[in-house]
Amino acid sequence: MEELKATGDYKQFIVIKLGEEQYGIDIKYIENIVRMQHITRVPKVDSYLKGVINLRGEVIPVMSIRIKMGLEPDQETKSSRIIILKLGMNGLIGIIVDEVKEVVTLESDQIEKIAYDSKDDKDSFLCGVGKCAGGLISLLDLNSVVLENL
Amino acid sequence: MDVSQYLEIFLDETDEHLQNLNTQILLLEQEPDNMDTINEIFRAAHSLKGMAGTMGYKRMQNLTHDMENVFSEVRNGNIKVKAEMIDVLFQCLDALDEYNANIRESADEGTNDNEPLIKQLNDIMNDGKEGAETAAPAAAPTSEQPAGESGGKKWLEIKLGESERSVLKEAVKQGKNVYGLTVSIQEACILKAARAFLVFKAIEEDGEIIVSDPPTQEIEDEKFGFDFSLIVISGSPLDKVIAAASNVSEIQEVLGDVLDLDHEEKTEAAVQETQEKPEAVEPAAVPAAPAAVPAAPAKGNKKVEEKKPAASKPVVNRTVRVDIEKLDTLMNLVSELIIAKNSLVSASAVSGTSSTAVNEQIEYLESVTTSLHESVMKVRMVPIESTVSKFPRMVRDLQKKLGKKMELYMTGEETELDRTVVDEIGDPLMHLLRNSADHGLESAEVRKERGKPEVGSIFLDAYQDGNNVVIEVRDDGNGIDTQAVRNKAIERGVITPEQAENMNEKDSIELLFNAGFSTAQVVSDVSGRGVGLDVVKSKIEALSGEVEVKSKLGEGSSWIIRLPLTLAIIQALMVDIGNEKYAVSLGAIQTIEDIPPQDVKLVQAKEVIQLRDLVIPLIRLNEILDIESKKDPDENLVVVIVKKGDKLAGLVVDELIGQQEIVIKPLGKYVSKCKVISGATVLGDGEVALILDANTLI
């Protein structure tokens, strides 16, 4: 996963599933993908913060983006994963996804920007829609999904 | 030259030198004739100048240069140390400190030329030696003493080994010339090694350097005075070689002559006969540099400073400067190891493979990790000296500013604390000292009336007490007038007069730590702006420490600060609440009690228990942490009594698990909203447990 490739005319995304919908996460933010594990609850925090996990000795907070985006709460299954993201200076954070499918490379003309007139809450978490062989992929705007309301 | 990579080192060393100068000048004020002190000051100033020059900080260099000139004159006995001079010198140090602060912030020294100071320095110089020569080059006395009979021709003192001699003879046979050269570099030169390198290069264009004194390696390391000598084989005539060397900038003088090998042998024989000078007959092939001899004044001093670029012999440095981040990494790795060890212990307990051999090895591993942890902790520990050594100077300044007589007595400067704590503790201590000087100590007249010595005493004592370090700031002043404190508090609306009636001494003193509280009648710029003590308290609590005040009216007060030795790894009590595990720092725990439910009483609708005449409020952790308790309401309560300052509280938990050494991990920004949790830790089975902050619970 060379950094260079992601900065050219194309970007790479990891395709994940939340319910039936496919979402894309820019690969440059992803530190790690781990299996579901025991999450230690932290009291007195927002409901979408599920708690903290131990990732090789580091304590990392885990967030449910389903709850954050107003979807049904997570159902833990065999394919559930925690994606560890690194966003700016805030350190690492994990997000829970239903399934990790694949890595796709999208050319810039395969990415459609989203017009910001939608009132739907869910859409404001997206930064575009990608088109590829596997169908449409909603590209997550991680900064607004994860960092908003913190 | 790109010097940015040296910036960090420069700043650190400048701090050190400034601190050293402060201490030494204070000493000088006490004993104006102490040559050791003067030499030490001179050296520190000289190093500062050199460093500033190398880094290209011209203003800083100018100021230190003038300071150095003054010290040089003092050292030569041309100027006497006077009180005004000390004052000016202190102002200079402040100005240098300011440059340093500017550089730290923006890598730029700022634009303040400090001309008045430089002028004052020059005035001191001129007053001191009317008619004497102007500004003798600072380092002159060290390097211009005649070096034996050879005068400037120091190459004559080079001793040749057998192999070198044969090489030279061979060259002569081949019709080449053998020269001896002595190159003197200007004393103002900062990059001596670079100049020497250029000279070497120039000579080697048409010749070969056979011997150099000091050896090449030492020249490269700048371990030489202001001259060096060479034995050269060259095909060119002497004047050409000399001209080539002289062409290098900042070279003062190049002396040279054809080397007479026979004469060389004779002199050497003569030297060996006399054998009087130990320098000349060192077992090494190359004799000690003549330049090392004039450096004698440095040798007379107990504290030999290795940084002096001049000729003093290099002192082998037994310490290493390490980036604090590297130490943090090391500490983290040790933490990992302790976690891994804990996992191993719990894994072997679970799997039931507890053969004696396994147990023995685990015990061995435990003792190794514990010692490793201790050693790493020790590495991170620094003496508080680095922080407290600036206080004598501060008290001296306060004395002038406040017009009171006082003396600071410090003990236990060698007491060690975690580096991060030492860095943070400076400000609170400064506040307390200022407080003592300003509010505590009475004026000389009042003290006389009260039958106390005119000069007030402030004490700063540090010592280790178990797992804590105690720092005590004490004065023999007025003590705290609790009545005045209460009156002030009523005036400020902090308490009502009725509340004041019921307050005991202790509570009244506690009022001082309220934000926006000051009892000084007059607001001075020393203290009394009401931002002091509450900041002191919060800062110390942020370091997991506590402050205690003892005071006796008319006799003085003492402020006792207790700090934990280290912050990263603590002993904790693990408890169960519902299905979750939490850790409580052992340091906060007083006792653990087993309380029958019927002993829980209600006071103002709050649950309390009575314990040995004390009424202690109960905090049901399961409610605070939104957990369903597993326990039956009829069962006895397990209550962990925790202490914060004088206050006690009982934390109700479900079960006790046991005591454990835990590594504190930060929770990060995302979950910072939860105030009752101060951090997390990874348990032996890899699970994360949260650490309860007893301070915020109470």
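**View 1. Strands β12(B) and β20(B) pair in the antiparallel sense.** In this predicted model, strand β12 (residues 569-577) of chain B and β20(B) are joined over eight bridges; two strands pair if DSSP finds at least two bridges between them, and strands (E, at least two residues) and helices (H or I, at least four residues) are DSSP runs, numbered from the N terminus. B:Ile569 has B:Val663 in β20(B) as its bridge partner. Residues are numbered from 1 along each chain as its sequence is written, and chains are lettered from A and ligands numbered from 1 in the order in which they are written. Local features need pLDDT of at least 70, side-chain atom pairs count only at pLDDT 80 or more, and totals for chains, interfaces and linings use all residues.

**View 2. An open sheet of five strands in chain B.** The strand order is β20-β12-β13-β22-β21 (chain B), with mixed pairing. At the edges stand β20 (655-663) and β21 (677-682) of chain B, each with a single partner strand, so one side of each lacks a neighbour in the sheet. On average, neighbouring strands of this sheet are turned by 35 degrees against each other, direction ignored. Helix α13 (residues 324-351) of chain B packs on the sheet and touches β12, β20 and β21 of chain B; residues are in contact if their C-beta atoms, placed from the backbone, lie within 7 Å. The direction of α13(B) makes about 145 degrees with that of β20(B); axes are lines fitted to C-alpha atoms, for helices over the stretch in contact, and angles run from 0 to 180 degrees between N-to-C directions.

**View 3. Packing of helix α2(B) with helix α3(B).** Helices α2 (residues 35-55) and α3 (residues 58-75) of chain B pack at an angle of about 155 degrees, with axes 9 Å apart. That makes α2(B) roughly antiparallel to α3(B) (over 145 degrees). Residues in contact include B:Phe42 and B:Leu48 in α2(B), and B:Met60 and B:Phe71 in α3(B). The contact divides into 10 nonpolar, seven polar and three charged residues; Ala, Val, Leu, Ile, Met, Phe, Trp, Tyr, Cys and Pro count as nonpolar, Asp, Glu, Lys and Arg as charged, and the others, Gly among them, as polar.

**View 4. The open sheet of chain A, with five strands.** The order is β3-β6-β7-β5-β4 (chain A), and the pairing is mixed. The edge strands β3 (30-35) and β4 of chain A each pair on one side only. Strands β6 (residues 81-86) and β7 (residues 92-97) of chain A run antiparallel, joined by six bridges. A:Ile82 stands opposite A:Ile96 in β7(A).

**View 5. Contact between chain A and chain B.** Here 19 residues of chain A meet 22 residues of chain B. On the chain A side, β4(A) gives the most, with four residues.

Methods: Two residues are in contact if their C-beta atoms, placed from the backbone, lie within 7 Å. Angles under 35 degrees count as roughly parallel, over 145 as roughly antiparallel, 65 to 115 as roughly perpendicular and the rest as oblique.
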